[in-house]
Amino acid sequence: MIEIKGLSGGYEKLPVIQQLNVKVNTGEFFGLLGPNGSGKTTLFKLMSGVLPAKEGTVTLHGKSLLNMNSFTRARHIAVLAQETNISFDFTVEEIVQLGRYAFQKGIFKTLSKYDKQLMEEVMEITDVVKYRHKPFLNLSGGEKQRVLLAKALVQEPEVLLLDEPTNHLDIKHTFEILDLLKRWQEERQLTIFAILHDLNIAALYCDRVGLLHQGALEEVGTVDVLRKRKKLAEIYGVETWTQPHPTLARPQLLMNPHKKKEQPVSLLEAYQLKQNEEVIRLSFPKPLRTISNGVAGEGIQWIKHFANFHVDKNYDCETPQLDVESWLQALELPVEQSIGMMTAVKVENAVIKKEVLNGIAILVVVTAGTGNAVDITHRETEIRNEKIGTINTLVFADVHLTDGGLVNACMSATEAKVKALHDNEITDGLSGTPATSTSTDSLVIAATQQGERTPYAGSGTFIGRGIGYMVYEATSEALQIDKRWKEAHS
Ligand SMILES: Nc1ncnc2c1ncn2[C@@H]1O[C@H](COP(=O)(O)OP(=O)(O)OP(=O)(O)O)[C@@H](O)[C@H]1O
């Protein structure tokens, strides 16, 4: 464990680091974060003996690092500094070899077999073998960075002090190098203490982070420290948002660039509607914030084009998303900006309702088929393999919703659909009990994000009530059309 206690130090007229205390555990990846000039590099210089400390101690497993001579220190700690004062025309291999210097024996300091093997291995994994005979000074910034990392790794240190290790690296090399460091951390109990500017990279790789501000650590903790928006605004002077990484339990940060005020778009007038026997589609001039379980474009997205495709009632395909994406492409709609759904219902029978309720413009489009009506509350021992026969609901509203607000809007739309199914006496074909849905229903909530931001869109709000009313009306009408169509075609 590295323990820093009461450490103060800096430059002649500028005592940058003041009374700093922190512990970095053995085998931990600790990220030192903070704005420009907060003292990160100065702290590293104090720890690595480049600058003398005015006060305090830095110990590794209880032994003072500050009093160690540089040879002994190099056997424990490797430093990847930002500035390199390599001015001689060394080759890449010679630079990497410097990392073994403290381990070489005898007056002539020759490389052992082990040293050579280790250098080969490290040059391979840092992807610098191809430059081995090139002069270091002729390399690009990113190539130099990887060579210096190789030099640090051949020291086989217990502790790596890294000042901006991914500086100059492209994303492929950034992730390769960090994955490599993470592997060494886990396999070799390597302790990594790294200055990082990219907070998202820090959130992905660090076990703990410390936020340095004006020479003092203001926060130390897990990467969830980065979710403290107020603290980040105070320290960096930037408004941040966090969202969860899609597959890792780690936050990712989003920043808002300065935005010019945009002309508001009229929800009920701005869209284009096209409807034929293959598809009903709506396009908006600017993206709407959406939450949906559409076959394509699912999740929370920004979407301009909404398409509900008709498929044969016997449609059965292993890759529905690929199908829907190819149909979107055939309509020349960009897949990344589109939601695509499918239904066996005639899309010419879609019900479109639009209204301004309590000052909120709402547009609802519903296609309804009830061949696979299901009572979700009925106890089942197996899930029926249903064919497409579905209620697809698209709700567009001129509101500004948080992600929680989008979820509230989904609840409001679903509650209204269930009521419509109930009032239209739709039943589960197997159980005979009132149906709550069909087995493959889809829902889109799309908000213009104009006006005041709100997390509320449930039954206690005008927007929730508006969605409820409109979805109920549109679903009831679509169910009646479906009923009449079935009667006419039976
Ligand atoms: N050699 C020096 N002599 C005097 N002052 C210095 C020297 N190096 C840095 N400073 C000052 O010390 C303060 C901390 O600098 P430091 O380099 O430690 O910040 P940092 O957090 O690493 O910044 P950055 O993110 O920009 O790399 C700054 O105000 C800087 O101007």
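This report walks through the ligand site, a few aromatic and charged contacts, and some backbone details of the structure above.

A word on ground rules: this is a predicted model, where local features need pLDDT of at least 70, side-chain atom pairs count only at pLDDT 80 or more, and totals for chains, interfaces and linings use all residues. Residues are numbered from 1 along each chain as its sequence is written, and side-chain values use heavy atoms, with hydrogens and water left out.

**The ligand site**

Let's start with the ligand. Its shell is made of Y11, L14, V16, P35, N36, G37, S38, G39, K40, T41, T42 and H197, where a residue is near a molecule if one of its heavy atoms lies within 4 Å of it.

| Residue | Atom on the protein side | Distance to a ligand oxygen |
|---|---|---|
| G39 | backbone N or O | 2.9 Å |
| K40 | polar side-chain atom | 2.8 Å |
| T42 | polar side-chain atom | 2.4 Å |

On its own the ligand has 640 Å² of accessible area, and the protein covers 60% of that; such areas come from the Shrake-Rupley method with a 1.4 Å probe.

Which elements each supply at least two residues of the shell? They are β2 (14-24) and α1 (40-47), with α1 giving the largest share, 3 residues. Helices (H or I, at least four residues) and strands (E, at least two) are DSSP runs, numbered from the N terminus.

Helix α1 is also mostly covered, since 6 of its 8 residues are buried, meaning under 20% relative accessible area with a 1.4 Å probe and protein chains only (exposed is over 50%, partly exposed in between). The buried set is K40, T42, L43, F44, L46 and M47. After α1 comes G49, with a positive phi near 80°.

**Rings and charges**

Elsewhere, the model holds 9 aromatic pairs, a pair being rings of Phe, Tyr or Trp (its six-membered ring) whose centres lie within 6.5 Å. Y271, F284, F306 and F396 are linked into a cluster by such pairs.

Two charges sit over rings, too: R188 lies over the face of W184, 3.7 Å from the ring centre, and the charged end of K144 is over the ring of F136, 6.0 Å from its centre. The test is NZ of Lys or CZ of Arg within 6 Å of the ring centre and within 35 degrees of the ring normal.

Q189 isn't glycine, yet its phi is positive, near 55°. The residue lies in the loop between α6 (171-188) and β8 (191-195) and is partly exposed, at 46% relative accessible area.

E425 also has a positive phi near 55° without being glycine. Its loop runs between α11 (403-423) and β22 (437-438), and at 69% relative accessibility E425 is exposed.

Is L401 buried or exposed? Buried, with a relative accessible area of 2%. L401 belongs to strand β21 (residues 400-401). From S266, L401 is 135 residues away in sequence and 17 Å away in space, C-alpha to C-alpha.

Definitions and conventions. Rings of Phe, Tyr and Trp (its six-membered ring) pair if their centres lie within 6.5 Å; planes under 30 degrees apart count as stacked, over 60 as edge-to-face and the rest as tilted. A polar contact is a pair of N or O atoms within 3.5 Å; within protein, one must be able to donate a hydrogen and the other to accept it, and residues adjacent in sequence count only if both atoms are side-chain atoms.
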